[in-house]
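Visitor: I would like to learn how to read the interfaces in a model like this one. Please show me the structure, and let us start with the contacts.

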Amino acid sequence: MSNSDPTSFLNRCRRSRSFLIGGVMTGFLLLCAAISLFWTPGSAYDIVIPDRFLPPSAEHWLGTDQFGRDIVSMLMTGTQNSIAVAVVAVSIGLIIGVSLGLLAAAKRGWTEEFIMRISDFSFAFPAILSAIMITAILGPGGVNSILAIGLYNIPVFARLTRGSANAIWAREFVLAARAAGKGKFRITFEHILPNVLSIIIVQATILFAIAILAEAALSYLGLGTQPPHPSWGRMLNEAQSLIFLDPWQAVFPGLAIATAVFGLNLLGDGLRDVLDPRLSRKR
Amino acid sequence: MTDYSVEEPVLIVEDLVRHYRLPKESLFAEHRYVYALNGVSFEIKKGKSFGVVGESGCGKSTLARNVMALEDTDGGSVRILGEEVVGLSFEQLRPLRQHFQMVFQDPYGSLDPHLNVDRIVAEPLAALGPLTSAERDERVREVLESVGLKSGDISKYPHEFSGGQRQRIAIARALITHPELIVADEPVSALDVSVQAQVLNLLKDLQESFGVTYMFISHDLAVVEYLCDEVAVMYLGEIVEKGRTEDLFANPAHPYTRILLDAVPQPGAAKKRDRIKLAGNVTGQTEIRAGCAFQDRCPMVKNVCRSEKPPLVAVEEEHLAACHFSADVRAKNKPAAG
Amino acid sequence: MTLLDVQDLTITLATAEGPARAVRDLSFSLERGETLGIVGESGCGKSMTALALMSLLPERSNTEGKILLESEDLLRFSEKDLCNIRGNRMAMIFQEPMTSLNPVHTIGHQVMEPLRLHKGLDKDAAHAEALRLLDRVGIPNPKARIRNYPHQLSGGQRQRVMIALALSCGPDILIADEPTTALDVTIQDQILELIQNLVSEDGMALILISHDLGVISENTDKVLVMYGGSAVETGRTDKIFGELTHPYTLGLFAAMPKLGMGRNARLATIPGVVPDLMNLPAGCTFFDRCPLASDHCRDASPPVHVLNPDHAVACHNIDDARGKKSEELYL
């Protein structure tokens with residue numbers, strides 16, 4: 001029943017179709033972002049009025065916008081922005097939320113009640129509304145939108161982590177560790193965290209997609225990334241008023257957002273299979 | 001094997017009480033309790049095996065967890081090697097833990113799937129304080145050898161082993177600190193018969209070579225008879241009968257013990273045996289009542305059983321029973337039981 | 001006419017690591033009123049055999065051979081016809097009474113459902129019949145209990161409800177797969193006695209599956225000892241327990257702690273572990289653990305020796321095995 005082949009993890013990755021497709025789509029986005037750091041086909045910032053509203057061509061692969069900026073370049077640069085916001089926002093939620101969740105599961109009692117009631121409280125507000133509220137108070141801008149999205153992620157991670165960690169705390173191997181004289185802190189790091197990690201990773205991928213969506217939504221409302229930095233959400237917003245004049249402009253940012261979200265969701269789904277602890281696992 | 005030296009017992013449990021508080025049924029309802037242990041007392045001599053038998057819900061696993069100081073106890077005393085462990089903080093307990101270790105029932109749930117055998121087995125060494133890595137590796141190698149695992153198994157993960165081998169890993173983990181006492185909670189009940197025999201024999205052999213003391217919890221009377229010198233029968237959080245295994249099994253003095261023994265199916269026995277059966281239904285553990293704990297299910301219950309609680313008294317040397325009519329029970333025992 | 005006749009049943013499961021042969025060339029028959037015990041350790045194929053009889057095997061499996069219920073081959077039935085057979089002619093009780101009952105319905109609802117579905121009773125008639133069934137399986141105060149949910153009953157009572165469910169349509173064959181393994185020994189005693197009584201009252205046939213030689217010995221007329229998917233020893237219960245012959249049966253008996261054997265005895269152990277169904281030897285499945293094994297055993301399936309009309313053993317070295325005590329073989 002055992003499969004001690006060291007490549008078995010890779011094998012499972014290869015066998016999961018959603019992992020492969022999701023991985024390729026996400027990888028493509030990362031590649032775009034990386035390339036755009038030092039090269040883009042045209043310029044995402046230079047305004048060239050004579051070139052505005054160009055359809056896709058060899059020079060401007062996806063055409064130009066109302067200011068004559070190259071759309072491919074704007075999308076590629078926008079990828080950077082989306083990924084940066086999502087990474088930072090998810091990391092904030094991940095680090096604080098997971099810590100709180102682990103703490104709640106380890107301490108139980110009043111600590112747990114307190115942490116969970118606060119997270120319930122924050123769940124009572126619709127995520128996007130609270131993000132709008134935060135950016136409205138702190139003022140629009142990239143950093144503030146990161147903060148707004150990150151704050152929303154904290155209770156999501158905290159709940160998930162606490163729930164899974166409680167299940168692990170009830171297992172006999174944790175009792176065995178306590179019988180061995182290990183304290184709650186050590187047990188949390190040696191037994192609980194490794195056993196809930198796969199669930200957290202899957203959740204992080206999905207929240208990553210949600211964060212990209214949220215960033216796009218905030219930028220669309222003018223509360224996120226500010227001009228002249230290109231952003232998918234704002235491109236969509238600007239294209240909206242020109243939808244009959246130049247439909248191309250609306251299609252591509254929309255496609256980019258869809259690709260990112262779909263790819264990450266597939267990846268999360270695939271990771272669920274790949275990291276399934278019931279299947280053989282090698283570190 | 002009988003040893004009459006007047007050594008201090010490895011474990012002395014006195015009047016141990018544990019009541020779990022149930023969650024309130026409604027905001028204004030009174031708290032209700034599960035009376036899991038209602039004053040349990042016994043002691044185990046060095047190098048002996050003490051069996052605790054009873055059916056689910058009789059409190060035997062609670063007893064194990066309280067002896068192991070894994071829960072807060074509500075009353076009574078647990079002394080291991082003369083040292084009181086009830087009331088000690090987790091930190092105070094840590095240096096003592098090397099003297100008492102535990103083996104769990106579920107060979108799948110008691111090993112962390114993310115750790116390899118080396119890390120699993122070495123885990124209790126945490127209680128010993130710092131060891132050099134050479135000392136640590138030597139201990140792991142030595143203990144794996146004593147439970148019959150290969151040195152090549154050290155880097156494998158639990159899923160690569162069968163149930164019996166996993167239980168060997170769990171036993172190795174319990175042995176690594178050279179404990180005086182091992183509390184084993186149903187260590188063989190999840191195993192196949194042929195594998196169960198291997199593990200039981202291993203436990204016997206380890207006792208012979210290391211002189212370790214066992215508190216062995218099981219629902220299987222035949223297993224307890226095979227492994228234990230002394231046995232206690234539990235019913236609803238109390239010990240109802242206690243004695244040397246051979247006395248108690250051959251000549252039980254409590255009707256519950258008699259019924260348990262009769263209910264064990266015997267291979268090769270006649271198709272239907274003549275036997276005493278349980279009456280009535282299981283009583284809950286959520287109330288404490290006057291009289292004998294076994295009154296609702298006892299086939300020979302009398303009025304006095306409903307009003308007066310029978311004390312645990314000697315019926316012969318080193319054989320105690322808590323029944324008003326233990327003499328009657330013993331009179332009905334067939335000359336050769338089983 | 002023979003009620004149930006199983007001929008050369010072979011079950012292959014498709015797993016991620018390749019085909020696993022769960023049952024090989026299994027044949028047995030069952031008459032009305034008879035009790036057949038199937039005994040063996042985990043992975044011996046006993047549960048797979050039960051699921052095959054009920055046609056409830058997982059989809060990725062292949063079944064060969066014949067399962068004749070009064071001369072009709074169930075393996076050729078359509079799913080719709082099988083639905084009629086299940087519950088009506090054959091019923092099954094599982095090991096874990098908590099998970100086999102639906103937690104969101106009352107037990108009354110669950111007992112009434114097959115009565116209305118298979119027997120076409122109206123609501124009142126089904127209710128009355130459900131009360132009668134619950135009373136018959138020994139549920140105290142059925143009028144109150146019928147409104148309870150599964151979690152409000154004890155394990156033994158849940159198993160009684162399962163039995164009431166299985167009996168609801170008066171099946172010809174009752175298959176009980178480890179019905180008492182999750183229960184305490186005193187409750188086990190009560191449940192087994194209940195099943196015995198019901199079977200003899202209704203003239204049903206019973207297939208009792210267990211890992212416990214004691215349970216099998218006390219509750220069956222005929223026994224099938226399985227190992228690695230094959231039957232190694234079959235016959236009348238009293239004959240088999242009177243003369244255990246196959247090395248595996250001997251080992252299993254010797255490995256089992258028995259009341260009254262005392263502390264100074266030592267259990268025999270069968271070396272090794274139960275076989276991996278993925279790579280079974282071509283010959284005898286017990287080959288790698290058998291103290292009597294010779295090269296011949298590995299390559300050829302063991303022939304079935306009929307010791308007497310009521311006792312058959314599948315072993316190459318039958319002459320060595322006969323008359324051997326288990327202690328001689330395994331110590």
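Guide: Contact means heavy atoms within 4.5 Å. By that rule, 46 residues from chain C meet 43 residues from chain B. This is a predicted model: local features need pLDDT of at least 70, side-chain atom pairs count only at pLDDT 80 or more, and totals for chains, interfaces and linings use all residues. Residues are numbered from 1 along each chain as its sequence is written, chains are lettered from A in the order in which they are written, and side-chain values use heavy atoms, with hydrogens and water left out.

Visitor: How much area is buried between chain C and chain B?

Guide: The size of an interface is often given as the accessible area lost when the parts come together. Buried area here is what two parts lose on being put together, summed over both (1.4 Å probe). For chain C and chain B that is about 3700 Å², with 52% from carbon and sulfur atoms. On the chain C side, Glu218(C), Leu259(C) and Arg263(C) lose the most, together 25% of what that side buries.

Visitor: Which residues form the salt bridge between chain C and chain B?

Guide: A salt bridge needs a side-chain nitrogen of Lys or Arg within 4 Å of a carboxyl oxygen of Asp or Glu. The rule finds one across this interface. Asp205(B) pairs with Arg266(C), closest N and O atoms 3.0 Å apart.

Visitor: Which helix gives the largest share of the chain C side?

Guide: Helices are DSSP runs (H or I, at least four residues), numbered from the N terminus. Helix 8 of chain C gives the largest share, eight residues.

Visitor: How does chain B meet chain A?

Guide: Here 27 residues of chain B are in contact with 24 residues of chain A. They bury about 2400 Å² between them, 55% of it on carbon and sulfur atoms. His114(B), Glu123(B) and His159(B) supply 27% of the area that chain B buries there, more than any other three residues. The rule finds one salt bridge across this interface. Glu123(B) joins Lys182(A) in a salt bridge (3.0 Å, N to O).

Visitor: Is Arg160(C) buried or exposed?

Guide: Buried means under 20% relative accessible area (1.4 Å probe, protein chains only). Arg160(C), in helix 7 (residues 155-167) of chain C, is buried yet has no salt bridge. The nearest side chain of opposite charge, Glu193(C), is 8.8 Å away.

Visitor: Which side chain makes a polar contact with the side chain of Arg160(C)?

Guide: A polar contact is a pair of N or O atoms within 3.5 Å; within protein, one must be able to donate a hydrogen and the other to accept it, and residues adjacent in sequence count only if both atoms are side-chain atoms. The partner is Gln190(C), at 3.4 Å.

Note on methods. Helix = DSSP H or I, 4+ residues; strand = E, 2+ residues; numbered from the N terminus. Buried < 20%, exposed > 50% of the residue type's maximum accessible area, 1.4 Å probe, protein only. Lys, Arg positive; Asp, Glu negative; His and termini not counted.
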